[in-house]
Amino acid sequence: MKKRYMDHIAATPMDPRVFESMVPFLKEHFGNPQSLHSWGQESIEALETARQQVAQLINAQPEEIFFTSSGSESNNMAVKGLAEAKRKQGNHILVSAVEHQSILHSAKKLEKMGFEVEQIPVDEYGLIDLAYLKKSLTDKTVLVSIMLANSEVGTIEPIEQAAEICREKDLVLHTDAVAALGSIEVDVEKLGVTALSLAGDQFYGPKGSAALYIKKGTRIVPLIDGGIQESGRRAGTENTAAIVGLGKAAELAKSEMPERSKKVKAVRDLLLKGLPDKIEHVVVTGHPEKRLPHHASFCVEFVEGESMLLNLDMLGIAVSSGSACTSKALKASHVLIAMGLDHALAQSSLVFSLIEETSKEDIDYLLDVFPPVIERLRKMSPLYSQYLEEKQK
Amino acid sequence: MIYSDKVMDHFQNPRNVGVMKDADGVGQVGNPVCGDMMTFYIKVKDNRIDDVKFQTFGCGAAIAVSSMVSEMALGKTLDEAMKITNDDVAEELGGLPKNKHHCSNLGADALHKAIEDYREKLTGKVKKEPDIPEVSDQISCPYCEGPVEGMEAYCKKCQVEFEECWECSQPIKKDTEECPHCGATRVRV
């Protein structure tokens, strides 16, 4: 059976060119980048090239890029490090209600240390309430963190406007761009952010490769103390191969993204329109237009997410869901709940995120095999029977 | 795959799915907050379960559990069927992932409720409305039942400090040896 991978938000396959760029650093070029001998110098040169490549992708300066091990680490470092650096000025932090857990849980940790954390609500599309942000800023506010795009519903947040609001108060604004990078244009100057998280496994780079952009002149307290790596911002021997891979992936994204996104968007549009046309009681989650080009998310009413996910897996298709059953914590997606969806609907969420190779034929196949699955699961669903009964009355 | 072959078989080919219009007893458990809902219908003849049907909204485990319970119940006397435990169901299925054990609880509960419903009808008791718990996002402290907000790291009522269970990610007392939700025991290295 042909495998069709539609779970970009979980991980992307590695580009073969990225892989090739990494191989020498897993083999002969093993030197510690901090060593003064030639082994070390080969490695540090490779690191600095990667730093330039990443900087170019987001229109930053190389010295503003700090390599980390994951998007979660970048987010932890940003929220905890930026807030702690400003502790003397205040203790109020604003984060959006639909942030990734690595932001929300970092904020929670700060709350235990005496910070006050406030969540910015979102509308039914997952867009943040800019007016709420504006009126909630106080003299005590030290950090605002709003994601650039949401991985569960694909909505792209109005970061430029948020940055304008923050700039008036000279505030630090961090954005989690992990889901967005490589799929839409990201320019830190245009966005006007102070810090930005990104991860390589979201744009055909290796896992364990990520970075945090910090605008020059911004103070941050490191998460990992130790040596002088990453200008003292992040200690620990650098994962050279992963960083080289991240650099290559960034270079490829810079030159190929416009073409990539255009192609994947055309295929995605077929799905975004096709699924609700083909199956009754399917609602699109997230914003209809302001959304990532490879992203299509739905709620398929009366059917639970994991049961759909497993059925699709058996048909060779990989997807994600925000249902409680698919999460180990057995809690429904906080994103969908924040958007005002009721629990039954949130349990029926399904997220398709396409990769470069996804073709029209893949979507045709999906639209062909999926409706019978839903029909079968709905026949089994007490919620669907209830609905039919009420309809008859 | 996170599930055993037997679970996947029952998930793909669930037995006894459907609605019974003239059921002798109906039992409904669960709600969309926890993610699973089950309805069991039974037909009783000579004090035995003569026919059984179910409907389930839920994950792979929930569907497989319902199917297995229906198979185990068919042909049993009511007393025998009342004795089917959640552990029996999980065992018959070749085991379930730890964080899915609550699904197996629902299966046997729904069957037992259907039997109780039948018995209540028989003794002429007034049929109660099925008690579906109030839908809320609130989780409660496993130690004092006090309310706990989603992101809180301690219970305001009994002051217990939480960490996440290493198996099921539910809030548990810091440094505790056993999870009250999924029963996982901590392995000290």
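I take a crossing as left-handed if the near helix is turned anticlockwise from the far one by less than a right angle, and as right-handed if clockwise. Helices (H or I, at least four residues) and strands (E, at least two) are DSSP runs, numbered from the N terminus.

I note that the model is predicted: local features need pLDDT of at least 70 and side-chain atom pairs count only at pLDDT 80 or more, while totals for chains, interfaces and linings use all residues. Residues are numbered from 1 along each chain as its sequence is written, and chains are lettered from A and ligands numbered from 1 in the order in which they are written.

**Entry 1: helix pair.** I looked up H8(A) against H12(A) and found a right-handed crossing. The axes of H8(A) and H12(A), residues 360-379, come within 10 Å and cross at roughly 15° (axes are lines fitted to C-alpha atoms, for helices over the stretch in contact, and angles run from 0 to 180 degrees between N-to-C directions). H8(A) is therefore roughly parallel to H12(A), a term for angles under 35 degrees. On H8(A), the contact involves Val267(A), Leu270(A), Leu271(A), Gly274(A), Leu275(A) and Lys278(A); H12(A) brings Lys360(A), Ile363(A), Leu367(A) and Pro371(A). Contact requires C-beta atoms, placed from the backbone, within 7 Å. I record seven nonpolar, one polar and two charged residues here (Ala, Val, Leu, Ile, Met, Phe, Trp, Tyr, Cys and Pro are nonpolar, Asp, Glu, Lys and Arg charged, the others, Gly among them, polar).

**Entry 2: three-stranded sheet.** H8(A) lies across S9, S10 and S12 of chain A, at about 10° to S10(A). I traced these strands as an open sheet in the order S9-S10-S12 with antiparallel pairing; strands pair if DSSP finds at least two bridges between them. S9 (282-284) and S12 (349-353) of chain A are at the edges with a single partner strand each, so one side of each lacks a neighbour in the sheet. Neighbouring strands are turned by 30° against each other on average, direction ignored. Three bridges join S9(A) to S10(A), and Val284(A) stands opposite Phe298(A).

**Entry 3: domains.** I found domain 1 (4-10 + 257-392) and domain 2 (16-253) in chain A, with bounds from an automatic or database domain assignment. Their centres, taken over C-alpha atoms, are separated by 29 Å.

Definitions and conventions: Angles under 35 degrees count as roughly parallel, over 145 as roughly antiparallel, 65 to 115 as roughly perpendicular and the rest as oblique. Two residues are in contact if their C-beta atoms, placed from the backbone, lie within 7 Å.
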